[in-house]
Amino acid sequence: MIEFFERLQAVFNEHPEKTALAYSGDGSKLSYAELDEFSARTRAWLKKRGIGREDRVMILLERGCMIPAAMLGVFKNASACIVCEASMAPERVRYQLADSAVKAVIDANALEEIRALEPLFGFEDAGAHDAAYIVYTSGSTGNPKGVIHEFGNLDQIIHAMRFDGEYLFRSSDVFAFSSPLSFVAAYDFQLNAFARGAGVLIADPDSVRNPEKLIALYEAHGVSAAFMTPSLFRTLKRFNSQMQWMIIGGEPCVNISHDSIRLYNFYNMSEAGRVMLGFRIDRAYDVTPVGINRCGEEVLLLDEADLPVADGEIGEIAFKNEFVRGYVGLPERTAQSWRGGLFHTGDLAKRLPDGNVVLLGRNDDMIKINGNRIEPEEIASAAKRVLGLSWAAAKGFVTEERSFVVLYYTDEVRLDARSAREALSKQLTSYMLPSHFVKLDSIPLLPNGKLDKKSLPVPDIDLFRTEYAPPETELEEKLLAGFEKVLEAERLSVNDDFFELGGDSLRAIALIAELNEPALNAAMLYKFSTARRLAEALEQARSADADSAEKRDIKAREHDQPLIPIQYHLLDLQLTDPRSTFLNMPLFWRCPKEAVDEQRLIDAFKRLAGNHPALKSTLRCDDEAMFVMHCDPAMPLELSIERLSEAELDSIKDDLIVPFKPIGAPLYRFRVFETELNYYIFMDFNHIFSDGMSISVIMRNFSDAYHGRELPRDCSYLFLADANKRLSDADAARAHERNQAKYGSVDWTRNVTPDHPGTASRTASLSAPFPIGKDALAERLIERRLTLNSLAVAASLLALHEYERRDDIMVSWLYHGRERDEYQNAVVPAISELPVAVRFAVIRTLDELINEVRSQVRDGIRDLADPYVIKTTSLSNNDSFRVRNQGKMRNIIGIEGIPSEPVSILNKAAASSLMNLQLLEDERGENSLLLTYNERRYEKKSAERFLELLRSAIERLIGDELTQSCGRA
């Protein structure tokens with residue numbers, strides 16, 4: 001049995017009540033007994049799925065206690081884990097999923113399943129050379145490299161960290177860990193802590209970025225030991241009284257010491273998986289040694305002929321570890337790096353007379369940025385791919401104070417550093433983002449034609465200064481003073497960019513601590529990186545905190561609100577055919593007469609109208625001939641109660657839906673019919689003022705009003721004001737530039753080509769059951785890390801590709817748009833239409849299609865301020881195929897507690913689009929497909945064929961073989 005497992009089981013038995021893990025982000029904790037139990041449930045979950053030895057399991061969870069708990073569960077099952085924090089760049093996660101051939105993913109959905117299972121205690125009999133975990137490091141080919149570690153390495157880990165014959169970790173320790181849980185250090189230090197029965201505190205990102213918060217965190221949890229980089233150590237001005245020892249490492253350690261805390265400098269890397277060299281820092285050194293061999297296996301310094309060098313001479317560090325296989329799927333790179341049974345690190349060092357080793361740099365251009373080892377080529381490859389550059393090179397620089405990356409390019413463009421970093425952040429982790437972007441007139445070359453990396457210039461910081469502009473407010477002055485102190489610069493302009501002038505993630509932490517602004521965080525600083533823009537953002541944050549949503553909504557209602565793009569789009573549709581009712585959203589249902597109190601019904605309508613500004617609003621033109629929404633609180637309720645017979649009602653019901661006058665009149669209708677047997681309630685809303693979720697809001701509020709309950713405030717005018725502000729923000733323009741760059745240069749196929757020309761239209765529909773039941777579907781969506789909406793989008797792209805026999809396909813999907821709590825009760829068209837486009841000539845497999853859809857759905861939400869699809873589609877022939885997840889909204893009808901049933905009425909509407917897909921859910925939770933189409937433009941057989949292609953595409957996407965080609969059938 002693996003010795004680590006024996007030690008871990010002993011800790012479980014001896015210290016069941018002791019806290020093993022804590023996470024400061026949500027206050028969660030796990031005792032050793034709970035850690036044993038959850039990891040045993042994880043083992044049971046894996047067993048249930050047939051996962052065993054050599055099978056690879058990705059742990060994709062939010063930072064916290066569940067990641068190491070799940071990791072131990074994978075170990076108990078003798079399987080191999082790959083850890084990814086959910087905040088990791090999505091492109092990197094997608095690559096690791098595919099590269100490591102993962103057979104199971106433990107994500108948030110899987111957690112619920114795991115918790116419901118009976119624990120399977122104990123450990124599988126793992127062999128020392130069975131795969132245990134894969135750690136991904138930066139890749140020189142442009143992709144990360146996965147290093148495969150075997151179970152024998154766990155025993156190496158727990159014996160490596162000894163000084164003077166004693167283990168560094170003790171059962172009394174509480175060890176604080178601040179780095180990502182995917183790093184090799186997470187395995188190294190956490191496993192050592194668990195083996196000795198120590199507690200582990202996982203620090204949340206906000207605390208790591210704020211020195212005062214981090215110290216307070218240490219104090220609150222009684223932290224006695226910690227790991228951090230030298231850069232982070234320098235930002236901390238004091239330490240808690242309980243702190244006894246600290247591991248300093250991950251980058252050059254210069255002039256670091258402490259009088260009362262024991263400091264240790266360690267040397268490790270992803271390819272080793274455990275500490276190789278270690279040194280007790282007894283004083284400040286210009287270059288701190290990394291110490292002597294701590295791992296028990298060979299650690300050598302070799303010359304260019306791979307022969308050992310004499311003490312005092314410079315050589316490359318190489319080491320032996322029989323429990324590391326090499327890189328995933330890279331046999332040539334593995335053979336190149338593992339030569340003669342030794343891994344060649346590329347790190348240059350020399351051995352001092354006392355036996356301690358001193359690092360001197362690299363023999364290539366790989367560097368460490370804030371403790372993270374990176375290959376500049378990965379950054380350059382991402383820059384060419386994401387930013388569309390024809391040539392790019394990245395180079396790292398390390399000084400005593402900071403380490404940073406510079407990206408060089410030759411294209412005739414001026415990159416906006418902030419926008420470029422934002423775009424790159426989708427594929428690169430934060431520490432890999434360039435601090436500077438330098439345009440070169442030409443590429444410096446060596447005589448052999450290769451890039452002369454030494455000639456890539458160190459950027460002159462002064463070149464990134466803008467024309468001096470002084471601060472105009474006290475807040476700008478305060479921010480600028482903070483910039484100057486942290487950057488050690490003088491006379492900065494309010495328009496100077498913090499990051500272009502030398503700021504990095506650690507200096508951002510120092511700035512936040514220096515300014516002590518409650519609303520300021522690292523994300524805000526990255527987004528608004530000049531003193532002027534940051535001051536504006538902070539003022540808005542202060543204002544938002546000062547005013548409640550209700551107060552801001554009251555202010556918004558005092559002014560006419562300009563229509564937002566979706567409203568203009570719908571108004572254009574209505575004005576194109578004023579007699580059409582395709583924007584009408586009617587509800588009609590009957591209730592037994594004896595079940596309804598007529599006066600309460602009338603009062604409910606009055607309260608409903610009084611609570612929702614849309615029912616007191618009209619469209620009109622302002623002085624600049626722009627359409628606006630105008631709210632008139634005095635507008636009377638339009639309600640009629642009409643008494644007639646059942647036969648008379650039946651004769652008129654199909655004429656109830658009539659066009660709305662879009663300008664200057666209410667855009668709703670309420671009618672109540674009383675017959676000898678029933679009350680019939682008719683509501684009709686124009687889409688310009690509402691959407692599908694608005695209807696569910698109306699019906700929920702109508703029931704509450706009938707029963708005399710309090711109605712939540714409708715902040716629809718606040719939504720419009722916020723949306724218009726967002727549209728006018730510079731970020732909206734940048735979002736459109738990103739979308740235009742992504743989508744604008746391609747002639748996309750957007751819909752099924754009509755069978756007949758012309759503009760005539762009439763709606764028809766076809767329905768079909770979903771090709772898989774709800775339970776099986778839920779399980780497959782979890783496995784695919786998909787939502788139902790993303791599955792439908794991917795299926796629509798695939799079906800269009802196969803129907804049209806074209807490769808460049810675009811569809812759109814409707815996003816609910818109600819992101820904030822104050823919007824939840826708004827009757828307003830909050831939906832946004834967002835694009836997803838795929839070039840099937842470069843998308844090879846179904847798995848790649850799913851990943852691309854997932855990425856673009858996320859990007860669409862991020863760039864919500866840009867109504868791109870509305871800008872790029874016409875009203876008819878180039879209409880985009882839409883995917884709408886209606887859920888149960890079509891079933892929301894009637895008044896709570898009163899028997900009711902919907903009444904079918906005829907909408908003689910024209911089709912508002914060529915063709916679209918709606919996802920519906922019945923009362924049992926089963927899904928179905930509803931394909932609506934313009935029957936004047938399509939033959940029924942064409943719609944039937946396309947619906948069958950949709951069902952077939954869904955079956956393929958939720959099937960077992962995602963590696964199959966997504967080429968045309």
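A residue is called buried when its relative accessible area is under 20%, exposed when that area is over 50%, and partly exposed in between. By this criterion, buried residues make up 58% of the 969 residues in the protein chain. The model described here is a predicted one. The protein chain contains 29 helices and 41 strands. Its radius of gyration is 32 Å, close to the 30 Å that the globule rule gives for 969 residues, so the chain is as compact as a globular protein of that length.

**Overall dimensions and contacts**

- The C-alpha trace of the protein chain spans about 105 × 65 × 60 Å along its principal axes.
- The accessible surface of the chain amounts to about 39800 Å², and carbon and sulfur atoms account for 48% of it.
- Of the contacts between residues at least 6 apart in sequence, 71% join residues at least 24 apart.

**The sheet containing β32**

- Five strands form an open sheet in the order β32-β33-β34-β29-β39, and their pairing is mixed.
- The edges of this sheet are β32 (639-643) and β39 (901-902); each has a single partner strand, so one side of each is left without a neighbour in the sheet.
- Strand β32 runs parallel to β33 (residues 668-674), and 5 bridges join the two.
- Within this pairing, I641 stands opposite V672 in β33.

**Salt bridges around R643**

- A search of the whole structure finds 41 salt bridges, and the pairs described below are among them.
- E598 and R643 form a salt bridge in which the closest N and O atoms are 3.0 Å apart.
- E598 belongs to helix α20 (residues 598-611) and R643 to strand β32, so this pair ties together parts that are 45 residues apart in sequence.

**Salt bridge between R762 and E935**

- R762 forms a salt bridge with E935, and the closest N and O atoms of this pair are 2.5 Å apart.
- R762 lies in the loop between α24 (730-743) and β35 (763-769), while E935 lies in the loop between β41 (927-934) and α29 (940-957), so the pair ties together parts that are 173 residues apart in sequence.
- R762 is partly exposed, with a relative accessible area of 37%, and E935 is likewise partly exposed, at 31%.

- The side chains of E3 and R7 meet in a salt bridge, with an N to O distance of 3.0 Å.
- E3 and R7 are 4 residues apart in helix α1 (residues 3-14), and are therefore separated by about one helical turn.
- E3 is partly exposed, with a relative accessible area of 25%, and R7 is also partly exposed, with a relative accessibility of 27%.

**Cysteines**

- A disulfide is a covalent bond between the sulfur atoms of two cysteines.
- With a cut-off of 2.5 Å between cysteine sulfur atoms, the count comes to 0 disulfides.
- C65 is in no disulfide, and the nearest cysteine sulfur, that of C81, is 16 Å away.
- C65 counts as buried, with a relative accessibility of 4%.
- For C621, the closest cysteine sulfur is that of C631, at 18 Å, which is too far for a bond.
- C621 counts as partly exposed, with a relative accessibility of 44%.

- R351 and A310 are 41 residues apart along the chain, yet their C-alpha atoms are separated by 8.2 Å.
- Leaving aside residues up to four places away in sequence, R351 touches V299, L301, D311, G312, E313, N356 and V357.

How values were computed. Residues are numbered from 1 along each chain as its sequence is written. This is a predicted model: local features need pLDDT of at least 70, side-chain atom pairs count only at pLDDT 80 or more; totals for chains, interfaces and linings use all residues. Side-chain values use heavy atoms; hydrogens and water are left out. Two strands pair if DSSP finds at least two bridges between them. A salt bridge is a side-chain nitrogen of Lys or Arg within 4 Å of a carboxyl oxygen of Asp or Glu. Buried means under 20% relative accessible area, exposed over 50%, partly exposed in between (1.4 Å probe, protein chains only). The radius of gyration is taken over C-alpha atoms; the globule rule is 2.2 Å times the number of residues to the power 0.38. Contact means heavy atoms within 4.5 Å. Accessible areas come from the Shrake-Rupley method with a 1.4 Å probe; for residues, only the protein chains shown count as cover.
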